[in-house]
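Please read this briefing alongside the sequence and the three-dimensional view.

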Amino acid sequence: MQTEKHFALLLLLDIYGPLLTQKQQEALDMYLNEDLSLSEIAENTGISRQAAQDSIKKAEQRLQEWEAVLGICRKRQQIEAVLQQMQPDAGSMDAGIEQIRKILWEE
């Protein structure tokens, strides 16, 4: 799996994971965090390899759909960027706080 895509999915799983079914959470966690193959996931969960692949694909799709609608991960990254800019210069604190407010309340 591509490193950038892998990292993005890990972030989405952290944020939206509880919204997935228990089986989807487990399969995606094994795939992303434990780096297990589809065959290993199938064996561990007692399902077919195809069912494991389908579960992972569906979970990935759901995570991306929720992010597209809610944008929690995107906003979190924007806030982190503003906070990083604020650290070196205490004078930028007011401007940074205003930027964070805009990020939090944008629609």
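The structure holds 1 aromatic pair, where rings of Phe, Tyr and Trp (its six-membered ring) pair if their centres lie within 6.5 Å, and planes under 30 degrees apart count as stacked, over 60 as edge-to-face and the rest as tilted. This is a predicted model, in which local features need pLDDT of at least 70 and side-chain atom pairs count only at pLDDT 80 or more, while totals for chains, interfaces and linings use all residues. Residues are numbered from 1 along each chain as its sequence is written, and side-chain values use heavy atoms, with hydrogens and water left out.

**The aromatic pair**

- Tyrosine 16 and tryptophan 66 form the pair, which is tilted, with 6.4 Å from centre to centre and 45° between the planes.
- The pair links distant parts of the chain, 50 residues apart, since tyrosine 16 belongs to helix α1 (residues 3-16) and tryptophan 66 to helix α4 (residues 49-70); helices (H or I, at least four residues) and strands (E, at least two) are DSSP runs, numbered from the N terminus.
- Tyrosine 16 is buried, with a relative accessible area of 1%, whereas tryptophan 66 counts as partly exposed at 21% relative accessibility; buried means under 20% relative accessible area, exposed over 50%, and partly exposed in between (1.4 Å probe, protein chains only).

- In helix α2 (residues 22-32), the buried residues are Gln24, Ala27, Leu28, Met30 and Leu32, and what covers them includes α1, α3 (38-45) and α4.
- Glutamate 26 is also placed in helix α2, and at 36% relative accessibility glutamate 26 counts as partly exposed.
- Although glutamate 26 and serine 55 are 29 residues apart along the chain, their C-alpha atoms are separated by 9.6 Å.

**Packing of α2 and α3**

- The helices α2 and α3 pack at an angle of about 140°, with their axes 10 Å apart; axes are lines fitted to C-alpha atoms, for helices over the stretch in contact, and angles run from 0 to 180 degrees between N-to-C directions.
- The two helices α2 and α3 are therefore oblique to each other, given that angles under 35 degrees count as roughly parallel, over 145 as roughly antiparallel, 65 to 115 as roughly perpendicular and the rest as oblique.
- Ala27, Met30 and Tyr31 in α2 meet Ile41, Asn44 and Thr45 in α3, where contact means heavy atoms within 4.5 Å.
- The residues of this contact of α2 with α3 divide into 4 nonpolar, 2 polar and no charged; Ala, Val, Leu, Ile, Met, Phe, Trp, Tyr, Cys and Pro count as nonpolar, Asp, Glu, Lys and Arg as charged, and the others, Gly among them, as polar.

**The loop between α2 and α3**

- Aspartate 35, placed in the loop between α2 and α3, has a positive phi of about 55° although it is not a glycine.
- At 64% relative accessibility, aspartate 35 counts as exposed.

**Packing of α5 and α6**

- Helix α5 (residues 72-86) and helix α6 (residues 93-105) pack at an angle of about 180°, with their axes 9 Å apart, and that makes α5 roughly antiparallel to α6.
- Among the residues that make the contact are Ile79, Val82 and Met86 of α5, together with Ile97, Ile100 and Leu104 of α6.
- By class, the contact of α5 with α6 has 9 nonpolar, 4 polar and 1 charged residues.
- Isoleucine 97 lies in helix α6 and counts as partly exposed at 34% relative accessibility, while the C-alpha atoms of isoleucine 97 and methionine 86, 11 residues apart along the chain, are separated by 8.9 Å.
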